Each structure stands twice: as structure tokens, then as C-alpha cells.
Amino acid sequence: MTESDEHFVEFWVVSKTQPLPNISEMLGMVAKRVWKMGDFRPNGKVKHRDHGWVAISSVSPKAEPEEQLDTLLDLLEAKQESVIDLSNRFDCSILFASYIHTNYHFGIDLSHETLDRIVALRLSITSDFHVFGSSLEVLRDSQNDTRK
């Protein structure tokens, strides 16, 4: 069975110093995950060293990350004042998490219009790429390429 690539585009709010307000209520969005400092991480072995709230794009993880981002930004822009307020008080970012199984040519193409939208919300961007299987072999081969 061949696994397909998946991309997750998420909105993160994190605080290392103070508990977070009820962000779901502020933004009218359902959280994928919420935690408090000291809660155990999903693996049950390590405790969180911060408070966090994460929402995920409503678009399928099989969709391109740019499509997921557009949908998520539409939701955040509808609550722009609240998002900017959160960004001024906490670490707020857009996370791109990609799990690559089949496609060596992966990445994210952000137009200047999309970057302007992210900046207007005062958000940072984080990426997290996980490469598996044949894609990993192609990546390793390309790094060993001796062409000049």
C-alpha cells in the first residue's frame, strides 16, 4: 500500500508565561488541540513547557498547502482585530506540516499577496517537513550529487 502525501496548515497560539484566554470563543473556531503548561504531550512522557491552542484548516490534508492556507486565512481575516490582539500578546504563527511519501518536489509557493495577508495579521510562518520512503532516497541522492 502506497501512502500519499499529506499537508496540514495550522494556526498556533503559544505562551510561555501566562495561560491563554478562550481563543475558540474569541475567534469562533474549534481547536484541534489545547494544552496547558505541565500537561503531558500526546506521547505521555514529556510535559509541555508552554500553553498552546491550535486550529487546523478545514480543507483536506490531501489538498495543496496553498489551498489550505487560503481557507484558514479567510477565517482568520474575518476576526482580524482579535487575531492581531492575540499576536500582540502571544506567539502566533501559521505552521505548515508536510508528510512526504511520494513527491520529491515538495514545497510551498507563497505569493506576495498571500505573504501580505499573513503580515497584516502579524503572524509568523513555521514549516515542518517529514520525508519518508522513496522520496527520502531521492533527497539523499540529490545531496550526494557531485556535479559542479
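## The loop at Arg 122

Arg 122 sits in the loop that links α4 to β5 (124–131). This is a predicted model. The phi of Arg 122 is positive, about 60°, although the residue is not a glycine. Most residues other than glycine have a negative phi.

Beyond residues up to four places away in sequence, Ile 84 touches Ala 120, Leu 121 and Arg 122. Ile 84 has a relative accessibility of 22%. Buried means under 20%, so Ile 84 counts as partly exposed.

## Helix α2 against α4

The axes of α2 and helix α4 (residues 112–120) come within 11 Å. They cross at roughly 35°. The crossing of α2 past α4 is left-handed.

On the α2 side, the contact is made by Leu 69, Asp 70, Leu 73, Asp 74 and Glu 77. On the α4 side, Thr 114, Arg 117 and Ile 118 take part. By class, this contact has four charged residues, three nonpolar and one polar.

## Nonpolar cores

The largest nonpolar core has 22 residues. Phe 11, Val 13, Leu 27, Trp 53, Leu 76, Ile 94 and Leu 123 touch the most other members. At least two residues each come from β1 (6–15), α1 (23–27), β3 (51–56), α2 (65–78), α3 (80–89) and β4 (91–100). Helix α2 gives the most, with four residues.

Leaving aside neighbours within four places in sequence, Leu 27 is in contact with Phe 11, Trp 53, Leu 76, Lys 79, Ser 82, Val 83 and Leu 86. Another core, of seven residues, lies apart from the largest one. Its members include Phe 8, Val 14, Val 54 and Ala 97.

## His 51 in strand β3

His 51 is found in strand β3. Is His 51 buried or exposed? Its relative accessible area is 10%. The cut-off for buried is under 20%, so His 51 is buried.

The His 51 side chain reaches the backbone nitrogen of Met 37 at 3.2 Å.

Definitions and conventions. Residues are numbered from 1 along each chain as its sequence is written. This is a predicted model: local features need pLDDT of at least 70, side-chain atom pairs count only at pLDDT 80 or more; totals for chains, interfaces and linings use all residues. Side-chain values use heavy atoms; hydrogens and water are left out. A nonpolar core is a set of buried Ala, Val, Leu, Ile, Met, Phe, Trp, Tyr and Cys residues joined through side-chain atoms within 4.5 Å. Buried means under 20% relative accessible area, exposed over 50%, partly exposed in between (1.4 Å probe, protein chains only). Contact means heavy atoms within 4.5 Å. Axes are lines fitted to C-alpha atoms, for helices over the stretch in contact, and angles run from 0 to 180 degrees between N-to-C directions. A crossing is left-handed if the near helix is turned anticlockwise from the far one by less than a right angle, and right-handed if clockwise. Ala, Val, Leu, Ile, Met, Phe, Trp, Tyr, Cys and Pro count as nonpolar, Asp, Glu, Lys and Arg as charged, and the others, Gly among them, as polar. A polar contact is a pair of N or O atoms within 3.5 Å; within protein, one must be able to donate a hydrogen and the other to accept it, and residues adjacent in sequence count only if both atoms are side-chain atoms.
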